[in-house]
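Please look over the structure shown here together with the notes that follow, which are arranged by topic for a computational reading.

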Amino acid sequence: MPAMPEAPLLADLIVHHRATPGALLPLLHAVQDAFGHIPSEAVPAIAEALNLSRAEVHGVITYYHHFRQWPAGRHVVQVCQAESCQACGSRALTAAAERIFGCALGQTRADGAVTLEAVYCLGLCAQSPAVQVDERLHARVSEAKLARIAQQLGVQEVAA
Ligand code: FES
């Protein structure tokens with residue numbers, strides 16, 4: 001995925017969505033799908049097309065955890081933080097993920113290998129705690145299972 005918005009592609013996405021009622025969220029999803037994040041350079045064009053202020057667009061981008069303002073790492077690891085997963089140890093699992101993947105929640109490792117993100121319900125509540133790695137869901141995730149996932153991704157532990 002390209003890191004920066006290509007004007008023709010961004011323009012196409014705007015044209016495709018601008019007439020849709022409630023176009024902002026579908027358009028932001030489309031932009032993130034196309035570019036991997038919502039580039040700051042895209043915000044003025046989106047605001048103008050939808051007759052919104054830049055602050056309104058920025059507010060929506062920052063409100064939803066799903067939207068990224070910066071490019072993600074080569075792998076995206078999302079640890080569920082919603083109620084069922086919390087009841088089944090997602091806080092401890094998150095701490096383990098930060099240690100295993102070598103970056104804090106909401107951050108990307110310095111080597112760009114992994115972005116670690118919070119997510120709020122992956123639809124696997126009956127099999128909590130749940131994690132999504134790139135497009136793949138993992139249920140009943142333990143620290144040991146996370147370590148195996150890191151190994152399968154080829155992610156080396158960062159020396160403490
Ligand atoms: S609460 Fe974590 S998958 Fe639903």
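**Briefing: surface patch, salt bridges and domains**

Tyr-64 lies in the loop that runs between helix H4 (54-63) and strand S1 (75-80). The model is a predicted one, and the accessibility and contact values below are to be read as computed from it. Three salt bridges are present in the structure, and the protein is divided into domain 1 (7-63) and domain 2 (75-153).

**Nonpolar surface patch**

- Together with Leu-25 and Tyr-63, Tyr-64 forms a nonpolar patch on the surface, and the accessible area of these residues together is about 320 Å².
- Tyr-64 has a relative accessible area of 36% and is therefore partly exposed, since this class lies between the under 20% of buried residues and the over 50% of exposed ones.

- Arg-68 and Glu-117 form a salt bridge in which the closest N and O atoms are 2.6 Å apart.
- This pair links distant parts of the chain, because Arg-68 sits in the loop between H4 and S1 while Glu-117 belongs to strand S3 (residues 114-119), and the two are 49 residues apart.
- Arg-68 is buried, because its relative accessible area is 17% and the buried class covers values under 20%.
- Glu-117 likewise counts as buried, its relative accessibility being 9%.

- A salt bridge joins the side chains of Arg-99 and Glu-143, with an N to O distance of 2.4 Å.
- Arg-99 counts as partly exposed because its relative accessibility is 47%, and Glu-143 counts as partly exposed because its relative accessibility is 43%.

**Salt bridge between Arg-109 and Asp-111**

- Asp-111 and Arg-109 form a salt bridge whose closest N and O atoms are 2.8 Å apart.
- Asp-111 is partly exposed, with a relative accessible area of 43%, whereas Arg-109 is buried, with a relative accessible area of 6%.

**Domain arrangement**

- The centres of domain 1 and domain 2, taken over C-alpha atoms, are separated by 28 Å.
- Domain 1 spans residues 7-63 and domain 2 spans residues 75-153.

Note on methods:
Residues are numbered from 1 along each chain as its sequence is written. This is a predicted model: local features need pLDDT of at least 70, side-chain atom pairs count only at pLDDT 80 or more; totals for chains, interfaces and linings use all residues. Side-chain values use heavy atoms; hydrogens and water are left out. Patches are made of residues with over 30% relative accessible area and no salt bridge: like charges are joined within 9 Å, nonpolar side chains (Val, Leu, Ile, Met, Phe, Trp, Tyr) within 5 Å. Accessible areas come from the Shrake-Rupley method with a 1.4 Å probe; for residues, only the protein chains shown count as cover. A salt bridge is a side-chain nitrogen of Lys or Arg within 4 Å of a carboxyl oxygen of Asp or Glu. Helices (H or I, at least four residues) and strands (E, at least two) are DSSP runs, numbered from the N terminus. Buried means under 20% relative accessible area, exposed over 50%, partly exposed in between (1.4 Å probe, protein chains only). Domain bounds come from an automatic or database domain assignment.
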